[in-house]
Amino acid sequence: MEAVAEPAIHLQLSEQHMVQGLPYQWLTIAMTRRDRIIAPADLSNLALPPGIDTTGGVVLSGRAPIWLYSYLVQELHPTAWVACYDPRLGAIVVSTHSRLASIGQVLPVSLPGAAATSALCPALLVVGPPDSGKSVLSHALFQALLPDAPDVYLQRAQWDGEGNYILELGAVFADDDREALKATNRGQLTDRFFAYHAQAILQLRRQKSLVLVDVGGMVQPEKQPILEACSHYLIISSQPDAIAPWHEFCRDRGNLTPLAVLHSRLEPCETIHTREPHLELTCGPWRQEQPRTIPTALLETVQGLICFT
(Lines give C-alpha, C1' and ligand atoms only; values in the text may rest on other atoms or scores of the structure.)
Protein backbone atom coordinates (compact mmCIF):
# COMPACT_ATOMS: atom_id res chain seq x y z
CA MET A 1 0.00 0.00 0.00
CA GLU A 2 1.45 3.35 -1.06
CA ALA A 3 2.10 5.79 1.78
CA VAL A 4 0.17 9.06 1.77
CA ALA A 5 2.48 12.06 1.55
CA GLU A 6 2.36 14.41 4.53
CA PRO A 7 0.84 17.82 3.71
CA ALA A 8 3.47 20.51 3.24
CA ILE A 9 1.41 23.10 5.15
CA HIS A 10 -0.21 22.70 8.55
CA LEU A 11 -2.73 25.22 9.90
CA GLN A 12 -3.45 25.26 13.63
CA LEU A 13 -6.38 27.15 15.13
CA SER A 14 -6.24 28.41 18.72
CA GLU A 15 -8.93 28.90 21.29
CA GLN A 16 -10.50 32.33 21.54
CA HIS A 17 -8.50 35.24 22.97
CA MET A 18 -9.30 38.89 23.68
CA VAL A 19 -7.42 42.08 22.85
CA GLN A 20 -8.78 45.58 23.45
CA GLY A 21 -12.25 44.08 23.84
CA LEU A 22 -12.03 42.21 20.51
CA PRO A 23 -12.43 38.41 20.42
CA TYR A 24 -10.00 36.64 18.07
CA GLN A 25 -8.33 33.34 17.28
CA TRP A 26 -4.80 32.61 16.09
CA LEU A 27 -4.34 30.71 12.83
CA THR A 28 -0.73 29.57 12.87
CA ILE A 29 1.01 28.47 9.67
CA ALA A 30 3.66 25.77 9.84
CA MET A 31 5.58 24.45 6.84
CA THR A 32 6.14 20.84 7.76
CA ARG A 33 8.95 19.76 5.43
CA ARG A 34 12.45 19.94 6.89
CA ASP A 35 13.60 22.39 4.23
CA ARG A 36 10.50 24.57 4.86
CA ILE A 37 9.82 24.75 1.11
CA ILE A 38 6.28 24.82 -0.30
CA ALA A 39 4.93 25.20 -3.83
CA PRO A 40 1.80 26.94 -5.19
CA ALA A 41 0.36 23.48 -5.98
CA ASP A 42 0.19 22.85 -2.21
CA LEU A 43 -2.76 25.27 -2.06
CA SER A 44 -4.99 22.81 -3.94
CA ASN A 45 -5.33 20.53 -0.90
CA LEU A 46 -5.25 23.23 1.78
CA ALA A 47 -8.39 23.78 3.84
CA LEU A 48 -9.11 25.97 6.83
CA PRO A 49 -9.41 24.01 10.09
CA PRO A 50 -12.89 23.62 11.59
CA GLY A 51 -13.97 25.75 14.53
CA ILE A 52 -13.37 29.26 13.22
CA ASP A 53 -15.69 31.77 14.95
CA THR A 54 -16.65 34.13 12.13
CA THR A 55 -18.13 36.66 14.59
CA GLY A 56 -14.62 37.43 15.82
CA GLY A 57 -11.25 38.08 14.22
CA VAL A 58 -8.42 35.83 13.08
CA VAL A 59 -4.72 36.65 13.43
CA LEU A 60 -2.44 34.88 10.93
CA SER A 61 1.08 34.05 12.05
CA GLY A 62 4.01 31.95 10.88
CA ARG A 63 6.77 32.06 8.29
CA ALA A 64 5.22 31.72 4.84
CA PRO A 65 5.37 33.35 1.39
CA ILE A 66 3.17 36.33 0.64
CA TRP A 67 0.99 34.34 -1.77
CA LEU A 68 -0.01 31.92 1.01
CA TYR A 69 -0.94 34.82 3.28
CA SER A 70 -2.97 36.37 0.44
CA TYR A 71 -4.83 33.11 -0.11
CA LEU A 72 -5.66 32.74 3.60
CA VAL A 73 -6.86 36.33 3.94
CA GLN A 74 -9.24 35.69 1.02
CA GLU A 75 -10.45 32.38 2.52
CA LEU A 76 -11.07 34.13 5.86
CA HIS A 77 -13.27 36.78 4.24
CA PRO A 78 -16.41 35.70 6.21
CA THR A 79 -14.74 36.54 9.55
CA ALA A 80 -15.26 39.89 11.27
CA TRP A 81 -11.67 40.92 10.64
CA VAL A 82 -8.29 39.46 9.70
CA ALA A 83 -4.86 40.57 10.90
CA CYS A 84 -1.30 39.49 10.02
CA TYR A 85 1.16 39.15 12.87
CA ASP A 86 4.51 40.91 12.55
CA PRO A 87 6.76 40.12 15.53
CA ARG A 88 8.32 43.57 15.21
CA LEU A 89 4.99 45.41 15.51
CA GLY A 90 2.01 43.30 16.56
CA ALA A 91 -1.10 42.15 14.68
CA ILE A 92 -1.92 44.47 11.76
CA VAL A 93 -5.55 44.46 10.64
CA VAL A 94 -5.67 43.95 6.85
CA SER A 95 -9.35 43.10 6.30
CA THR A 96 -12.44 44.04 8.31
CA HIS A 97 -16.25 43.98 8.30
CA SER A 98 -16.42 45.32 11.86
CA ARG A 99 -16.67 48.88 13.11
CA LEU A 100 -14.51 47.84 16.05
CA ALA A 101 -11.43 47.03 13.95
CA SER A 102 -10.00 49.33 11.32
CA ILE A 103 -7.57 48.75 8.45
CA GLY A 104 -4.01 49.41 9.57
CA GLN A 105 -4.84 49.10 13.26
CA VAL A 106 -2.01 47.46 15.21
CA LEU A 107 -3.19 45.18 18.00
CA PRO A 108 -0.72 44.49 20.87
CA VAL A 109 -0.87 40.69 20.98
CA SER A 110 1.58 37.98 22.03
CA LEU A 111 2.00 34.65 20.30
CA PRO A 112 0.05 31.83 21.96
CA GLY A 113 2.23 29.98 24.41
CA ALA A 114 4.84 32.75 24.52
CA ALA A 115 6.27 33.15 28.01
CA ALA A 116 6.13 36.59 29.56
CA THR A 117 9.80 37.47 29.97
CA SER A 118 12.07 40.45 29.70
CA ALA A 119 15.04 38.30 28.66
CA LEU A 120 16.48 39.00 25.23
CA CYS A 121 17.88 36.37 22.88
CA PRO A 122 21.23 37.12 21.19
CA ALA A 123 21.35 39.32 18.09
CA LEU A 124 24.28 38.70 15.73
CA LEU A 125 25.32 41.69 13.61
CA VAL A 126 26.90 40.67 10.28
CA VAL A 127 29.29 43.41 9.11
CA GLY A 128 32.14 44.04 6.72
CA PRO A 129 33.10 46.15 3.70
CA PRO A 130 31.05 46.15 0.46
CA ASP A 131 31.26 43.20 -1.96
CA SER A 132 32.53 40.78 0.68
CA GLY A 133 29.42 38.58 0.74
CA LYS A 134 27.47 39.83 3.81
CA SER A 135 24.00 39.37 2.32
CA VAL A 136 24.87 35.96 0.85
CA LEU A 137 26.43 34.77 4.11
CA SER A 138 23.51 36.07 6.20
CA HIS A 139 21.02 34.24 4.01
CA ALA A 140 23.10 31.05 3.99
CA LEU A 141 23.37 31.12 7.79
CA PHE A 142 19.63 31.68 8.13
CA GLN A 143 18.82 28.75 5.83
CA ALA A 144 21.32 26.46 7.58
CA LEU A 145 19.96 27.26 11.05
CA LEU A 146 16.27 27.13 10.16
CA PRO A 147 15.63 23.33 10.08
CA ASP A 148 16.61 22.90 13.74
CA ALA A 149 15.78 26.43 14.96
CA PRO A 150 12.60 27.68 13.26
CA ASP A 151 12.50 30.76 15.52
CA VAL A 152 15.68 32.24 14.02
CA TYR A 153 14.97 35.58 12.30
CA LEU A 154 16.96 37.49 9.67
CA GLN A 155 16.51 41.27 9.83
CA ARG A 156 17.75 43.25 6.81
CA ALA A 157 18.68 46.65 8.32
CA GLN A 158 19.92 48.12 5.06
CA TRP A 159 18.29 49.85 2.13
CA ASP A 160 20.20 48.54 -0.90
CA GLY A 161 17.26 46.45 -2.15
CA GLU A 162 19.06 43.12 -1.74
CA GLY A 163 16.70 41.02 0.35
CA ASN A 164 16.10 37.28 0.61
CA TYR A 165 13.98 37.41 -2.54
CA ILE A 166 17.06 38.32 -4.60
CA LEU A 167 19.05 35.44 -3.15
CA GLU A 168 16.22 32.96 -3.78
CA LEU A 169 15.61 33.80 -7.44
CA GLY A 170 17.69 30.87 -8.66
CA ALA A 171 20.17 30.49 -11.50
CA VAL A 172 17.58 31.32 -14.19
CA PHE A 173 17.96 35.03 -13.40
CA ALA A 174 20.95 36.78 -14.93
CA ASP A 175 23.10 39.17 -12.90
CA ASP A 176 21.66 42.12 -14.84
CA ASP A 177 18.12 41.09 -13.87
CA ARG A 178 19.11 40.83 -10.21
CA GLU A 179 20.74 44.26 -10.27
CA ALA A 180 17.68 45.75 -11.95
CA LEU A 181 15.43 44.36 -9.20
CA LYS A 182 17.76 45.68 -6.52
CA ALA A 183 17.76 49.13 -8.12
CA THR A 184 13.96 49.13 -8.28
CA ASN A 185 13.68 48.38 -4.55
CA ARG A 186 16.63 50.44 -3.32
CA GLY A 187 15.77 53.00 -0.63
CA GLN A 188 17.60 55.86 1.05
CA LEU A 189 18.89 56.62 4.51
CA THR A 190 16.53 58.76 6.59
CA ASP A 191 16.77 60.13 10.12
CA ARG A 192 14.48 57.38 11.46
CA PHE A 193 15.89 54.42 9.49
CA PHE A 194 18.33 52.91 12.00
CA ALA A 195 16.20 53.84 15.02
CA TYR A 196 13.27 51.97 13.44
CA HIS A 197 15.36 48.86 12.79
CA ALA A 198 16.93 48.99 16.26
CA GLN A 199 13.48 48.92 17.84
CA ALA A 200 12.46 46.07 15.52
CA ILE A 201 15.54 44.07 16.58
CA LEU A 202 14.71 44.55 20.27
CA GLN A 203 11.13 43.39 19.67
CA LEU A 204 12.42 40.32 17.82
CA ARG A 205 14.88 39.52 20.60
CA ARG A 206 11.96 39.23 23.04
CA GLN A 207 10.31 36.53 20.89
CA LYS A 208 12.90 34.68 18.83
CA SER A 209 15.76 32.29 19.61
CA LEU A 210 18.35 34.25 17.59
CA VAL A 211 18.24 37.37 15.40
CA LEU A 212 20.67 37.77 12.49
CA VAL A 213 21.15 41.39 11.37
CA ASP A 214 22.55 42.51 8.00
CA VAL A 215 23.42 46.20 8.39
CA GLY A 216 25.27 47.12 5.18
CA GLY A 217 28.91 47.72 4.38
CA MET A 218 29.90 51.12 5.79
CA VAL A 219 31.12 52.11 9.25
CA GLN A 220 28.72 54.95 10.05
CA PRO A 221 27.96 56.74 13.35
CA GLU A 222 24.27 56.71 12.33
CA LYS A 223 24.31 52.95 13.02
CA GLN A 224 24.82 53.44 16.76
CA PRO A 225 21.18 52.45 17.54
CA ILE A 226 21.80 49.11 15.78
CA LEU A 227 24.90 48.50 17.91
CA GLU A 228 22.88 49.16 21.05
CA ALA A 229 20.20 46.67 19.93
CA CYS A 230 22.60 43.78 19.20
CA SER A 231 24.79 41.55 21.39
CA HIS A 232 27.40 39.95 19.07
CA TYR A 233 29.04 40.60 15.71
CA LEU A 234 30.59 38.67 12.85
CA ILE A 235 32.95 40.27 10.31
CA ILE A 236 33.18 39.02 6.73
CA SER A 237 35.76 40.89 4.69
CA SER A 238 37.59 40.53 1.39
CA GLN A 239 39.89 43.38 2.49
CA PRO A 240 42.31 42.63 5.37
CA ASP A 241 42.77 46.31 6.23
CA ALA A 242 38.99 46.78 6.65
CA ILE A 243 38.72 44.37 9.59
CA ALA A 244 40.25 46.57 12.31
CA PRO A 245 37.79 49.49 11.77
CA TRP A 246 34.86 47.09 12.21
CA HIS A 247 36.36 45.73 15.44
CA GLU A 248 36.78 49.30 16.68
CA PHE A 249 33.21 50.18 15.71
CA CYS A 250 31.41 47.04 16.99
CA ARG A 251 33.60 45.92 19.92
CA ASP A 252 35.10 49.14 21.22
CA ARG A 253 32.25 51.60 20.52
CA GLY A 254 29.31 49.21 20.63
CA ASN A 255 30.57 46.88 23.38
CA LEU A 256 29.49 43.88 21.26
CA THR A 257 31.12 40.47 21.61
CA PRO A 258 33.12 39.28 18.56
CA LEU A 259 31.95 35.86 17.40
CA ALA A 260 33.96 35.28 14.21
CA VAL A 261 36.06 36.88 11.50
CA LEU A 262 35.68 35.43 8.03
CA HIS A 263 38.23 36.33 5.34
CA SER A 264 36.21 36.14 2.13
CA ARG A 265 37.75 34.74 -1.05
CA LEU A 266 36.50 34.35 -4.62
CA GLU A 267 38.04 30.90 -5.05
CA PRO A 268 36.76 27.77 -3.27
CA CYS A 269 38.66 27.38 0.01
CA GLU A 270 38.21 26.77 3.73
CA THR A 271 40.95 27.23 6.33
CA ILE A 272 40.55 27.72 10.08
CA HIS A 273 43.23 30.01 11.55
CA THR A 274 42.19 30.17 15.20
CA ARG A 275 39.23 29.46 17.48
CA GLU A 276 40.19 31.75 20.39
CA PRO A 277 39.38 34.40 21.46
CA HIS A 278 36.98 34.12 18.53
CA LEU A 279 36.76 31.97 15.41
CA GLU A 280 38.83 33.21 12.46
CA LEU A 281 38.83 31.47 9.09
CA THR A 282 39.30 31.99 5.38
CA CYS A 283 36.65 30.61 3.03
CA GLY A 284 34.69 31.30 -0.11
CA PRO A 285 33.26 32.04 -2.48
CA TRP A 286 30.21 33.99 -1.23
CA ARG A 287 28.39 34.75 -4.46
CA GLN A 288 24.70 34.73 -5.29
CA GLU A 289 25.23 32.43 -8.25
CA GLN A 290 27.58 30.13 -6.30
CA PRO A 291 25.87 29.23 -3.02
CA ARG A 292 28.18 27.33 -0.70
CA THR A 293 27.70 25.33 2.48
CA ILE A 294 28.37 27.12 5.75
CA PRO A 295 31.66 25.81 7.23
CA THR A 296 30.96 23.44 10.10
CA ALA A 297 33.06 25.42 12.57
CA LEU A 298 31.19 28.62 11.77
CA LEU A 299 27.78 26.95 11.89
CA GLU A 300 28.50 25.36 15.27
CA THR A 301 29.77 28.68 16.63
CA VAL A 302 26.58 30.48 15.61
CA GLN A 303 24.40 27.60 16.84
CA GLY A 304 25.99 28.10 20.23
CA LEU A 305 24.18 31.45 20.51
CA ILE A 306 20.69 30.04 19.98
CA CYS A 307 18.32 30.19 22.93
CA PHE A 308 16.49 26.86 22.82
CA THR A 309 13.36 26.66 24.99
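**Exercise 1. List the residues that His-263 touches, and decide whether His-263 is buried or exposed.**

Step 1. Find the place of His-263: strand S11. Strands here are DSSP runs (E, at least two residues), and helices are runs of H or I with at least four, numbered from the N terminus.

Step 2. List the contacts (heavy atoms within 4.5 Å). Leaving out residues up to four places away in sequence, His-263 touches Ser-237, Ile-243, His-273, Glu-280, Leu-281, Thr-282 and Cys-283.

Step 3. Classify. Buried means under 20% relative accessible area, exposed over 50%, partly exposed in between (1.4 Å probe, protein chains only). His-263 has 12%, so His-263 is buried.

This is a predicted model: local features need pLDDT of at least 70, side-chain atom pairs count only at pLDDT 80 or more, and totals for chains, interfaces and linings use all residues. Residues are numbered from 1 along each chain as its sequence is written, and side-chain values use heavy atoms, without hydrogens or water.

**Exercise 2. Give the strand order of the open six-stranded sheet and name its edges.**

Step 1. The order is S1-S2-S3-S4-S5-S6, with mixed pairing. Pairing requires at least two DSSP bridges between two strands.

Step 2. S1 (9-19) and S6 (106-107) each pair on one side only, as edge strands.
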